There are 2 protein chains.
Amino acid sequence: MSNADLHLSSHISKQFNAELDDIRQRVLTMGGLVEQQVSEAVRALTEADGELGQQVANRDYKVNAMEVGIDEECIRVLARRQPAATDLRLIMAVVKTITDLERIGDEAEKIGRMAASLAANPTPAGSLSPVETMGRRVSSMVHRVLDAFARLDAEDALEIAKEDRKVDSEYDAISRQCLTFMLEDPRTIRPVMDLQWAARALERIGDHASNIGEYVIYLIQGKDVRHTSLAQMEAELEARNG
Amino acid sequence: MSNADLHLSSHISKQFNAELDDIRQRVLTMGGLVEQQVSEAVRALTEADGELGQQVANRDYKVNAMEVGIDEECIRVLARRQPAATDLRLIMAVVKTITDLERIGDEAEKIGRMAASLAANPTPAGSLSPVETMGRRVSSMVHRVLDAFARLDAEDALEIAKEDRKVDSEYDAISRQCLTFMLEDPRTIRPVMDLQWAARALERIGDHASNIGEYVIYLIQGKDVRHTSLAQMEAELEARNG
C-alpha cells in the first residue's frame with residue numbers, strides 16, 4: 001500500500017492538509033533530534049568521551065519540549081477538525097509515537113550520563129565492542145522506523161520489529177558477558193555495572209523503536225498489531241498485499 | 001476542583017455519557033488488575049514464592065488485551081462523537097494512561113520472572129527488606145493514582161509525583177547496597193543482580209504511576225504538566241484553588 005492509497009492529502013480544506021503535514025513534519029524533526037541523541041550517546045560511550053555524554057544529557061529538554069508541543073497541536077486539530085478514518089488514525093499514531101520518541105530521548109540521556117561516568121572508569125578489554133555493535137543496530141532502527149513513518153511503509157515497519165529480536169539477543173549476550181567479567185574480577189564490578197545499564201538503555205530503545213513500527217502498521221492497516229506475534233503480523237501484511 | 005465542576009455528565013446524549021462512563025470504568029478495571037499484578041509480584045519476590053511469580057508473569061496477556069480493547073473504544077468514540085473540551089481531554093488522558101498501565105504490567109511480569117529465578121538462589125541476609133519497602137510504596141502509588149483518576153483529584157495526583165522522589169532515592173540506596181554486597185562477596189553477584197533488576201522494575205513502576213498522575217492533572221487543568229518541576233505544578237494548583 002503506497003502513501004497515495006491512503007488519501008492523506010485529499011481534504012477539501014487546504015488548511016487542514018497543511019496542519020496534518022505540519023504535524024507529520026514535526027514528528028520527523030523530533031525523531032531526527034532523538035536519532036542524533038542516540039548516536040551521539042553511543043559514540044560518547046564507546047569513545048569514552050565524557051564531555052559529549054554530558055552534552056547529550058543536557059540536550060534532552062529539547063526533546064521533551066517537542067513532545068509537549070506536538071501533543072498540544074494534535075489536540076487542537078482533534079478539537080477543531082474532528083478528523084475521521086485515516087486522519088484520526090494518523091493523529092492517534094502520532095500521539096503514541098511521540099511518547100516513545102520522548103522515552104528514547106530519556107534513554108539516550110541515561111547513556112550520556114553513563115558515558116560521562118565510564119570515561120573515568122576504564123572497562124575490561126573487549127567489553128565495549130559488543131555494546132558498540134548493539135548501539136549501531138538500535139540507532140539504525142530509530143532511523144529506519146522514522147523513515148517507515150515518513151513513507152508509510154508497513155513492510156519496513158515489520159522488519160524493524162524483527163530487528164528487535166536481534167537486539168534482545170545481543171542484550172542477553174552482553175548481560176552474560178558482564179556477569180562473567182564481574183565474577184572473574186570483582187574489581188570490575190563498578191564499571192561493568194555502568195556498562196550493563198547502558199546496554200539495558202539500548203535494549204529499551206530497541207523496544208520503543210519497535211513500538212513505533214507497530215503504530216506505523218496500525219496507521220496503514222487500521223489494525224492494532226501490538227501484542228501480536230511477528231508471524232501473525234507477517235501473515236496479515238501478506239494477505240493485504242497478495 | 002471537584003468532579004461536578006468538570007460537567008463530565010452534562011451531555012445531551014445519554015448514550016455518549018454511557019460510553020464515557022464505560023471507558024472510565026474499563027480503565028479502573030484494567031488498573032485494578034495491574035495493581036494486583038504489582039502487589040503479587042512483590043509478594044512473590046519477598047516471600048521467595050517462585051510459583052506465584054510465574055503466575056503473575058503468565059497473567060500479563062490479560063493486561064495487554066485490556067489496553068487494546070480500551071484503545072479501540074477510545075478511537076470509536078473519537079470518530080463517532082467528535083468530543084470537544086473536557087471530553088476530548090478525558091479520551092486523550094485515557095489513551096496515555098492505559099499505555100503506562102500496560103507498561104506497569106510489563107514490569108510486574110519481569111518482577112514475577114525475577115521472583116521465580118530468585119526463589120532458587122538465596123539472596124544475602126537483609127537484602128530483601130528494602131526491596132519490600134519500595135515494593136509496598138509503588139503498589140500504593142498505583143492504587144492512589146487510580147483513585148485520583150476516579151475522583152479527578154489533582155492534589156492527590158500531585159502527591160503521587162512527590163512520592164516518586166522517595167521511590168527514586170530508595171532505588172539509589174538499594175543500588176548502592178547491591179554494589180556493596182557484590183564487592184564484599186562475589187558469590188552473591190548472580191542473585192544480587194536479579195534483585196537489582198527487580199528494584200529497577202519497581203523504580204519504573206513509580207515513574208509510570210507518576211506519569212498517570214500528570215495525565216490526571218492535565219485532565220483537570222487542561223494543562224500539560226509533564227516535564228514541569230514539582231514546585232511549579234504546586235504553585236499552579238494553588239493559584240487555581242486560591
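To speak of a rotation axis between copies, one copy has to be superposed on the other, and here that is done by least squares on the C-alpha atoms of residues with pLDDT of at least 70 in both. The model is a predicted one, and in it chain B is brought onto chain A by a rotation of 180 degrees, with 0.0 Å of shift along the axis and an RMSD of 0.0 Å. This is the relation of a two-fold axis. The same surface serves both copies, since 100% of the contact residues of chain B recur in chain A.

From the axis one can turn to the interface itself, where 38 residues of chain B are in contact with 38 residues of chain A. The size of an interface is often given as the accessible area lost when the parts come together. For chain B and chain A the buried area is about 3600 Å², and 61% of it is on carbon and sulfur atoms. Within the area that chain B buries against chain A, B:Arg103, B:Trp197 and B:His227 supply 16%, which is more than any other three residues.

Which contacts link the charged and polar groups across this interface? Between chain B and chain A there are six salt bridges, and seven residue pairs, both at pLDDT 80 or more, are in polar contact. The elements of chain B that give two or more residues to the side touching chain A are α3 (60–81), α4 (85–118), α6 (154–184) and α7 (189–221), and the largest share, 11 residues, comes from α7(B). By kind, the residues on that side of chain B divide into 17 nonpolar, seven polar and 14 charged.

Side chains of opposite charge can pair when their charged atoms come close. One such pair is B:Arg204 with A:Glu107, a salt bridge in which the closest N and O atoms are 3.4 Å apart. The side chains of B:Glu107 and A:Arg204 also meet in a salt bridge, at 3.4 Å from N to O, and this pair crosses from helix α4 of chain B to helix α7 (residues 189–221) of chain A. Over all chains, the structure holds 46 salt bridges.

Confidence in chain A is highest in helix α2 (residues 50–58), at a mean of 96, and lowest in helix α8 (residues 230–241), at 73. Over residues 1–5 of chain A the pLDDT is below 50, and this stretch has eight contacts in the model beyond near neighbours in sequence.

Methods
Residues numbered from 1 in each chain as written. Chains lettered and ligands numbered in written order. Heavy atoms only, no water. Contact = heavy atoms within 4.5 Å. Buried area = accessible area lost by both parts, 1.4 Å probe. Salt bridge = Lys/Arg side-chain N within 4 Å of Asp/Glu carboxyl O. Polar contact = N/O pair within 3.5 Å; in protein donor to acceptor, adjacent residues only side chain to side chain. Helix = DSSP H or I, 4+ residues; strand = E, 2+ residues; numbered from the N terminus. Nonpolar A, V, L, I, M, F, W, Y, C, P; charged D, E, K, R; others polar. pLDDT = per-residue confidence, 0-100.
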